[in-house]
Amino acid sequence: MPRFVQPVPTPADPYTDDRLLRSWLRRHLGAEGDSAAAGRLAALAADVAGPLRAAHADAEAHPPTLRRYDPWGARVDRVETSAGWQEQRAAAARHAVVALPYLPEARARWGAAARVVQHALLHLYGPESATFSCPVAMADGAAALLSLPDVDAGLRDAWLPRLTSTDPATAITSGQWMTESQGGSDLARSSTTARDAGDGSWRLTGEKWFCSAADSAMAVALARPEGAGPGSRTLVPFLVPRYAADSPLAPAGSDPAAPAPGVRVHRLKEKLGTRALPTAEIGLRDAYALPLGDPGQPGLARAMTLVVVTRLHNAAAAAGGMRRGLAYARAYADAREVAGGTLGASPLHRATLGTLAVDAAGAFALAGHAFGLLGRVEVGADPQAAAELRVVAPLAKLATGRLAVAAASEYVESFGGAGYVEDTGVPRLLRDAQVLPIWEGTTNVLALDVLRALVRENAAEPLLARLDAAEDLARALNPALADAVAGATAALRTAVAEVRADPTAAAVVAGARGLALRMAYALAAAALVEQAAWGDELAEVAARLWARRWLRGEDVATDAHHHLETLC
């Protein structure tokens with residue numbers, strides 16, 4: 001009797017098969033802008049389904065290693081990565097995954113919506129990039145920080161073109177050296193110091209505990225200038241060259257790929273997931289650094305420019321991973337035979353996949369809305385968009401991160417025993433998803449950030465105004481949908497008033513996570529309603545089921561089963 005081998009078809013094209021993505025682009029870019037973006041997105045999708053899928057597998061199979069010494073005993077601290085990782089690096093540059101919103105021709109063609117196109121690129125590229133989406137995120141954040149007008153023009157001219165290059169031979173990425181073992185997300189406890197060298201440069205000394213993309217050519221590090229006061233606000237972001245090639249302190253004749261003087265890689269992290277991504281503990285001993293902005297002024301607010309961008313990338317990674325996981329689960333269900341038919345024909349399994357599709361649509365809408373706001377802030381200096389983005393960035397990140405972990409668990413389960421076997425690649429979906437609620441602020445850390453925004457910056461007003469407008473749009477679509485949005489909005493108004501009345505009350509602080517999630521779920525409903533009102537049938541179905549599931553707490557399994565073909 002021949003041994004049965006389960007055929008596993010590859011998912012459909014990630015661009016042409018994603019109807020919500022394509023409809024979202026048509027709405028935000030217009031017919032001409034959508035047509036202009038289509039070739040770029042189709043080319044990336046073809047690479048993703050071909051060479052980049054193979055590069056992803058190679059990078060995951062050959063994680064980075066740290067070589068501390070050369071054959072003669074010299075300390076080299078060289079992070080060695082696979083050919084697949086290098087191919088991901090080259091592809092990110094070729095396809096302008098970082099560069100696009102900074103390119104003059106992109107801004108001339110799409111204006112503020114260049115960030116919408118970039119979000120589409122990330123949605124396609126990220127899920128099978130072996131987490132090269134992480135250095136992509138930090139390179140984008142560093143580019144945004146360097147673009148600020150108070151950053152020295154010479155420093156900007158030296159590094160921004162490299163971060164935004166589309167030539168793999170010259171493009172670089174950035175690391176992000178912020179957290180320290182004694183503080184983690186509590187940046188006020190940071191002990192890294194900065195000493196003025198007197199020539200415009202500074203020397204950094206300290207220990208950084210979680211440094212992702214440790215092979216990048218530069219990093220943005222937080223440090224406290226000598227004489228600065230305590231707390232987090234007085235920290236200043238500095239650009240630290242990672243290699244001798246870019247450090248004026250390197251002796252003549254140094255190997256350009258050697259670590260910059262004063263930068264030491266202690267070890268690479270062994271992590272639950274994102275194993276292809278080199279993450280290190282790094283020590284700084286009088287390392288050469290350049291301030292990003294005036295080092296005499298509190299710099300945390302400047303550094304938040306980078307953090308907002310990386311939080312949005314985190315949301316895009318979550319939503320993109322949910323969509324790609326759904327595509328794999330759907331393809332497997334259509335091929336797997338059980339009980340006399342395919343798994344995909346089972347009403348129960350269809351209901352599971354349909355519910356996951358609703359969650360993926362909500363996550364996509366949250367991330368997409370956030371990128372749209374970022375573009376309006378950067379290109380049009382839109383004050384309303386800036387006010388809304390202040391609260392949307394943490395909301396989108398925290399909600400999508402949690403949704404992605406729950407979805408990944410379901411995707412692993414949908415493959416049965418094969419989903420638990422490492423060499424199928426399926427377990428990686430869950431291992432990698434778990435970083436999403438942690439990196440750039442845990443759910444609780446972000447929930448407290450939302451509280452601060454509500455109290456100090458009146459950040460609820462633009463969000464509540466959007467929800468009010470969405471209720472009006474929903475009335476023309478479905479009365480029950482409008483009632484769900486209206487009910488959620490009224491409850492949020494009451495909760496916001498309670499927060500403002502006594503923001504330090506134990507009940508307010510203890511309820512911060514629940515409030516932030518309810519705000520995010522309502523915002524996702526509003527974003528889907530706006531898309532549905534434009535004429536998108538998929539978004540209309542997703543909005544109705546999302547509102548029932550997340551605003552009213554109802555079981556939507558039966559309707560999700562009936563609408564599976566519409567949803568995915």
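1. A word on charge before we start: Lys and Arg count as positive here and Asp and Glu as negative, while His and the chain ends are not counted. On that basis the protein carries 56 positive and 61 negative side chains. The centres of these two sets lie 3 Å apart. Please keep in mind as you read on that this is a predicted model.

2. Now the overall build. The secondary structure comes to 19 helices and 11 strands. Along its principal axes, the C-alpha trace spans about 70 × 70 × 50 Å. How does the radius of gyration fit with a compact globule? For 568 residues such a globule would have a value near 24 Å, and the protein has 24 Å, so the two agree.

3. Of the 568 residues, 57% are buried. The protein exposes about 22200 Å², and carbon and sulfur atoms supply 55% of that area. If you look at contacts with a separation of 6 or more, 72% of them come from residues 24 or more positions apart.

4. One joins the side chains of R27 and E530, at 3.8 Å from N to O. R27 belongs to helix 1 (residues 19-49) and E530 to helix 16 (residues 512-533), so this pair ties together parts that are 503 residues apart in sequence. The cut-off for a salt bridge is 4 Å between the side-chain nitrogen and the carboxyl oxygen, and the R27 to E530 value of 3.8 Å falls within it.

5. Are the two partners of that pair buried or partly exposed? Buried means under 20% relative accessible area. E530, at 14%, therefore counts as buried. R27 has a relative accessible area of 24% and is partly exposed.

6. A second pair worth a look is D77 with R75, whose side chains meet in a salt bridge at 2.5 Å, N to O. D77 counts as buried, with 2% relative accessibility. R75 counts as partly exposed, at 29%.

7. Finally, a stop at Q182. Where does Q182 sit? Its place is in the loop between strand 3 (174-177) and strand 4 (193-196). Q182 counts as partly exposed, at 29% relative accessibility. Leaving aside residues up to four places away in sequence, Q182 touches R189, S190 and S191. Q182 and W209 are 27 residues apart in sequence, and their C-alpha atoms are 9.0 Å apart in space.

Methods
Residues are numbered from 1 along each chain as its sequence is written. This is a predicted model: local features need pLDDT of at least 70, side-chain atom pairs count only at pLDDT 80 or more; totals for chains, interfaces and linings use all residues. Side-chain values use heavy atoms; hydrogens and water are left out. Helices (H or I, at least four residues) and strands (E, at least two) are DSSP runs, numbered from the N terminus. The radius of gyration is taken over C-alpha atoms; the globule rule is 2.2 Å times the number of residues to the power 0.38. Buried means under 20% relative accessible area, exposed over 50%, partly exposed in between (1.4 Å probe, protein chains only). Contact means heavy atoms within 4.5 Å. Accessible areas come from the Shrake-Rupley method with a 1.4 Å probe; for residues, only the protein chains shown count as cover. The place of a charge is taken as NZ of Lys, CZ of Arg, CG of Asp or CD of Glu.
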